[in-house]
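Please look at the sequence and the model below.

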Amino acid sequence: MKTALIGLIVATLATPVLAAGEHAGGHGEMAVGEPGDKAKATQTIRVTMTETDDGKMLFTPSNFKVRKGQTVVFAVKNAGEIDHEFVLDQEDKVMEHKAVMEKFPEMEHDDPNAIRLAPGKTGEIVWRFTNDGVFKIACLVPGHYDAGMHGDVTVAQK
Ligand SMILES: [Cu+2]
């Protein structure tokens, strides 16, 4: 029941331009790109997620530059003491998703552009960037984004 409700809310928040694709294919076309083929990856970017003693939460590093068309492996490690997420998306989608997470903190993601890791765990996202522009990485566990847990991925035109 709860899952169905969250699905409805996420669908409602989807932008009109993406709605048609999502109805047709489950996961719609995303401006940030698409799940990649690891065999075609040209770069592995290691990202660590942590909390600091003074209450900040961080991705290290938090800013990346890639090229349009490039497939990247994000090798993500949770070096902190609580759960964190690595969500990759365009900024307005991240902010919509953040608002949903604040209403439903226990919401779990099952999206190719997101991973949630328990303390000490590692995981990866293989991603192909199909558009240039500036996109976001963020942790959407409530409070974490505002504690500093976000960054930018700049995708250069070729
Ligand atoms: Cu976090």
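In which order do the five strands of the open sheet stand?

The model is predicted. The order of the five strands in the open sheet is β1-β8-β5-β2-β3, and their pairing is mixed. β1 (34-35) and β3 are at the edges; each has a single partner strand, so one side of each has no neighbour in the sheet.

In general, the strands of a sheet pair through backbone hydrogen bonds, in a parallel or an antiparallel way.

## Pairings within the sheet

Strand β2 (residues 43-51) and strand β5 (residues 71-78) run parallel and are joined by seven bridges. In this pairing, Met-49 lies opposite Asn-78 of β5. On β5 there is also a pairing with strand β8 (residues 122-128), which is antiparallel and has seven bridges. Here Lys-77 is opposite Thr-122 of β8.

β2 is also joined to strand β3 (residues 57-60), by four bridges, and these two run antiparallel. Thr-48 has Thr-60 in β3 as its bridge partner. The hairpin of β2 and β3 has five residues between the strands, and in this hairpin Gly-55 has a positive phi near 90°.

## The copper site

Which residues coordinate the copper ion? The donors are His-84 (ND1), Cys-139 (SG), His-144 (ND1) and Met-149 (SD), at 2.0 to 2.7 Å. Along the chain, the donors of the copper ion are spaced as H-x54-C-x4-H-x4-M. Cys-139 and Met-149 are ten residues apart, and each is in the loop between β9 (133-138) and β10 (150-156). Cys-139 is buried, with a relative accessible area of 0%, and Met-149 is likewise buried at 0%.

The angles among the four donor atoms of the copper ion run from 86 to 140°. A tetrahedral site would need all angles between 85 and 135 degrees, and the site of the copper ion is classed as irregular. For comparison, the ideal angle for four tetrahedral donors is 109.5 degrees.

## The protein as a whole

The protein has three helices and ten strands. Read from the N terminus, its elements follow the order α-α-β-β-β-β-β-β-α-β-β-β-β.

How many of the residues count as buried? The protein has 158 residues, and 41% of them are buried. Of the contacts between residues at least 6 apart in sequence, 78% join residues at least 24 apart.

Terms used
Residues are numbered from 1 along each chain as its sequence is written. This is a predicted model: local features need pLDDT of at least 70, side-chain atom pairs count only at pLDDT 80 or more; totals for chains, interfaces and linings use all residues. Side-chain values use heavy atoms; hydrogens and water are left out. Two strands pair if DSSP finds at least two bridges between them. Donors are N, O and S atoms within 2.8 Å of the metal (3.2 Å for Na, K and Ca); water is not among the atoms, so sites may look incomplete. Four donors count as tetrahedral if all angles lie between 85 and 135 degrees; four count as square planar and six as octahedral if opposite donors are over 155 degrees apart and all others between 65 and 115; anything else is irregular. Buried means under 20% relative accessible area, exposed over 50%, partly exposed in between (1.4 Å probe, protein chains only). Contact means heavy atoms within 4.5 Å.
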